[in-house]
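I opened the model to look up a few local features. My notes follow, entry by entry.

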Amino acid sequence: AGWGGFAAPPPRSRSAHAMHAPSAALRGRATPSTKPPQVSARAAAATSRPLAVAPRAAASAKAPSAPSSPWPCSKFLDVGVSTPPLGLGLAALGRPGYINLGHGADITSAKSVDDMRARAFEVLDAAYASGVRYFDAAASYGEAEEFLGRWLASRGVSPADVVIGSKWGYTYTADWRVELSAGEPHEVKEHSAENLRAQFATSRDLLAPHLRCYQIHSATSDSGVLRNDDVLNELRAMKRDGGMKIGLTVTGAEQGDVIREAMTVKMNGGGDGEDSELLFDVVQATWNVMEQSAGDALTDARRAGMHVIVKEALANGRLTTRNDALAAQKTLAALQVLAREFGNEGPGEFDSFVYKPDAAAIAIAMHQGFDAMVLSGASTTEQMRSNAGAITLLRRFRDGGARAEERIAEVLAVGRADPEAYWSQRSKLAWN
């Protein structure tokens with residue numbers, strides 16, 4: 001049993017490194033070479049397919065069911081799956097390069113597709129054993145969708161036991177390289193209806209029948225995607241005809257403005273009449289101890305009925321001990337004090353787990369009034385297990401009453417950064 005009191009599904013092979021025989025869901029899928037195919041090429045091949053959501057398979061009798069848990073759980077996205085408020089994002093697992101501090105040290109020399117798949121399986125296993133039931137991928141995360149789909153099949157995880165989300169809008173263009181020529185992008189953004197159709201077809205092929213949520217990747221005011229009727233009508237059809245939960249992710253210092261604009265987009269095309277259901281079921285935003293500016297908008301969205309996912313709760317590693325910048329040390333020290341204070345609570349309790357600043361930062365994000373599903377961005381099993389300590393800290397925050405609220409407020413006051421400065425610094429993080 002893991003942190004959430006859930007039992008991990010027994011793997012069909014004792015080794016996560018072994019390549020399993022393809023299941024029925026995977027037969028006919030090309031075996032990836034050591035150099036992955038371009039996502040854009042796979043997507044282009046699927047462009048002409050109808051935008052239909054594949055029917056869900058019946059739950060497998062062999063798949064493990066999660067027993068009741070003493071940890072905080074909810075029915076995330078109202079799809080009937082009990083989930084703790086900790087998910088796993090695969091941005092750092094589906095490709096060799098990412099912007100998290102120290103990511104290159106985690107990956108070391110094992111960077112082939114097979115190596116990265118084995119690493120992803122290990123972290124996914126650790127996440128599941130820790131109670132995680134929400135997994136978040138994207139078309140632009142290299143081979144993340146393929147890795148996740150194959151892991152689900154090889155571990156026999158039923159669609160009734162997990163919630164899977166993915167995103168469209170960016171295409172991975174780095175071709176498995178980390179260091180690119182000056183000005184060459186790792187990913188290219190295109191928020192067109194054609195790209196939506198193409199990338200959804202690929203996401204569906206790799207993740208059905210588990211895929212429950214499809215999100216616009218990085219909606220901004222400048223992109224105009226929330227005013228693109230062709231895109232919005234495609235998303236409406238996916239929700240109305242296929243039962244897909246529809247979401248968007250936001251980024252930058254103007255996150256709050258975009259969230260509020262998304263709250264005006266309705267299933268009926270606008271207005272507050274009889275059919276005034278919101279198009280978007282969920283919004284994914286950056287919120288952390290440093291960047292708190294989207295908090296009010298997220299609270300409004302939650303009150304309006306939208307679910308909330310928090311990404312970058314650790315500020316791409318800037319809220320971990322890997323950050324040696326002098327300006328961050330006071331915040332990190334405050335997080336460490338909080339983790340120690342609430343990491344060993346209760347009469348007669350002794351908890352040998354070492355709670356670190358990362359667990360405290362994630363637990364603080366979970367504790368906010370917008371009731372977020374908070375993503376771990378772990379790229380190692382050690383990081384995943386450390387992040388999962390947040391589930392215990394959250395319970396102890398809730399039990400801690402006014403004392404916990406006071407301590408959390410102190411940390412937030414110490415850590416709060418100017419949004420423009422925060423996003424400027426993020427833009428300078430190097431792919432590694």
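**Helix α4**

Helices (H or I, at least four residues) and strands (E, at least two) are DSSP runs, numbered from the N terminus. The model is predicted, and local features need pLDDT of at least 70, side-chain atom pairs 80 or more, while totals for chains, interfaces and linings use all residues. Residues are numbered from 1 along each chain as its sequence is written, and side-chain values use heavy atoms, with hydrogens and water left out.

I checked how enclosed α4 is: 11 of the 11 residues of this helix (residues 144-154) are buried, so it is largely enclosed by the rest of the structure. Just after α4, I noted a positive phi of about 65 degrees at G156.

**Backbone entries**

I found a cis peptide bond between A208 and P209, with omega about 5 degrees. P209 is in the loop between α5 and β8 (211-219).

W176 is not a glycine, yet I read a positive phi of about 70 degrees there. W176 belongs to the loop between β6 (170-172) and β7 (187-189), and its relative accessibility of 13% counts as buried.

I noted another non-glycine with positive phi, A315, near 55 degrees. A315 lies in the loop between β11 (307-311) and α9 (329-343) and is buried at a relative accessible area of 0%.

**Aromatic entries**

Rings of Phe, Tyr and Trp (its six-membered ring) pair if their centres lie within 6.5 Å; planes under 30 degrees apart count as stacked, over 60 as edge-to-face and the rest as tilted. I counted 9 aromatic pairs in the structure. For W287 and F370, the ring centres are 5.9 Å apart and the planes at 70 degrees, so I logged the pair as edge-to-face. W287 is in the loop between β10 (282-286) and α8 (295-303) and F370 in the loop between α10 (357-366) and β12 (373-376), so the pair ties together parts that are 83 residues apart in sequence.

I also logged a cluster of Y128, F135 and W151.

Methods: Buried means under 20% relative accessible area, exposed over 50%, partly exposed in between (1.4 Å probe, protein chains only).
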